[in-house]
Amino acid sequence: MPTTKLHADELDVDDALVRRLVADQFPQWARLPVAEVPSAGTDNAMFRLGDDMVVRLPRRPDGARQVTEEQRWLPRLAPHLPLTVPVPLGRGEPAPGYGGPWSVLRWLDGENAYDAPITELADAAVRLGRFVAALRRVDATGGPASWRGGPVEANDAYVRAAIRDLGACGRVDPAAATALWAEVVRLPHRDRGPVWLHGDLLPGNLLTSAGRLTAVIDFGGLGVGDPAADTLAAWAVFTAGTRDLFREAAEVDEATWQRGRGWALCFGLMAEHYYRTTNPVLAAVAHRTVAEALLG
């Protein structure tokens, strides 16, 4: 779990604030115990509420969109998906001490895959691939744009800065990373309409039980766009021996797959560059993702 604030504009959130917010807006739950949930996540703070619920509060002022989209779309998408996803139970409103919306969700049993890694990788590759394919098939009419739904080369300046800095300290092979990135920015764009994507399929957003994938959480990046971003899980979660299982189940073509590899490289470089001193768990995932992307 990060020990310092991760962002310059990060909000102050603690269990006392959560108790007050719940008591004021959901008095029926006011007597339930509140306990912080340790997490290496970067966008939200989570507090268990009783045995069956969790309060989720964006860490930054611009997190209101995440709450709005999750509350609106998750109940519509869930019936179409083959893995368990969060169930919104209540929407909290801005209040003194916390100026944005927040959510109460049903608690899902399991551990995130940062803390309890997937050991049944082949099974998980098929399960997550089918999840990606099922999400993509849901009617995307009216869906908001995902933050990773556009062209990956929009991050060109940040990626090149990360290659320069991480290369200088020996964290990445700058020649190999630059060469792969050059291939990525030359890839043709998707020529079909936008589809639904989760947008952030990283180990911390996957729940496991006894080493098996059981649920997908954190839909803050939910939206529509190019589905390539959801294939970054092939390099962030899986191995060379299980990537093809994920690809087959996800039903993606070669162009989408290569753009997804570009997203894996992009995420890995930018996340390690940004979080290498504040969030070692995520930085380690990012470093591995770059290494896997460079392997192919």
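Two residues are in contact when heavy atoms lie within 4.5 Å. This briefing uses that term for a predicted model, in which local features need pLDDT of at least 70, side-chain atom pairs count only at pLDDT 80 or more, and totals for chains, interfaces and linings use all residues. Residues are numbered from 1 along each chain as its sequence is written, and side-chain values use heavy atoms, with hydrogens and water left out.

**Overall form**

- The protein chain contains nine helices and 10 strands; helices (H or I, at least four residues) and strands (E, at least two) are DSSP runs, numbered from the N terminus.
- The protein chain is as compact as a globular protein of its length, because its radius of gyration is 19 Å, close to the 19 Å that the globule rule gives for 296 residues.
- That radius is taken over C-alpha atoms, and the globule rule is 2.2 Å times the number of residues to the power 0.38.
- Along the principal axes, the C-alpha atoms fill a box of roughly 55 × 40 × 35 Å.
- Of the contacts with a separation of 6 or more, 73% are between residues 24 or more positions apart.

**Burial of Glu-70**

- Of the 296 residues in the protein chain, 53% are buried, where buried means under 20% relative accessible area, exposed over 50%, and partly exposed in between (1.4 Å probe, protein chains only).
- Glu-70 belongs to helix H2 (residues 64-77).
- Glu-70 has 4% relative accessibility and therefore counts as buried.
- With neighbours within four places in sequence left aside, Glu-70 is in contact with Arg-56, Pro-75, Pro-88, Asp-218, Phe-219 and Gly-220.

**A sheet of three strands**

- Strands of a sheet pair through backbone hydrogen bonds, either parallel or antiparallel.
- Here, three strands form an open sheet in the order S6-S8-S9, with antiparallel pairing; two strands pair if DSSP finds at least two bridges between them.
- Strand S6 (111-112) and S9 are the edge strands, each pairing on one side only.
- S6 and S8 are joined by two bridges and run antiparallel, and Asn-112 stands opposite Leu-207 in S8.
- Strand S8 (residues 206-209) pairs with strand S9 (residues 212-216) in the antiparallel sense over four bridges.
- In S9, Ala-215 is the bridge partner of Leu-207.
- S8 and S9 form a hairpin with two residues between them, and Ala-210 in the turn has a positive phi of about 55°.
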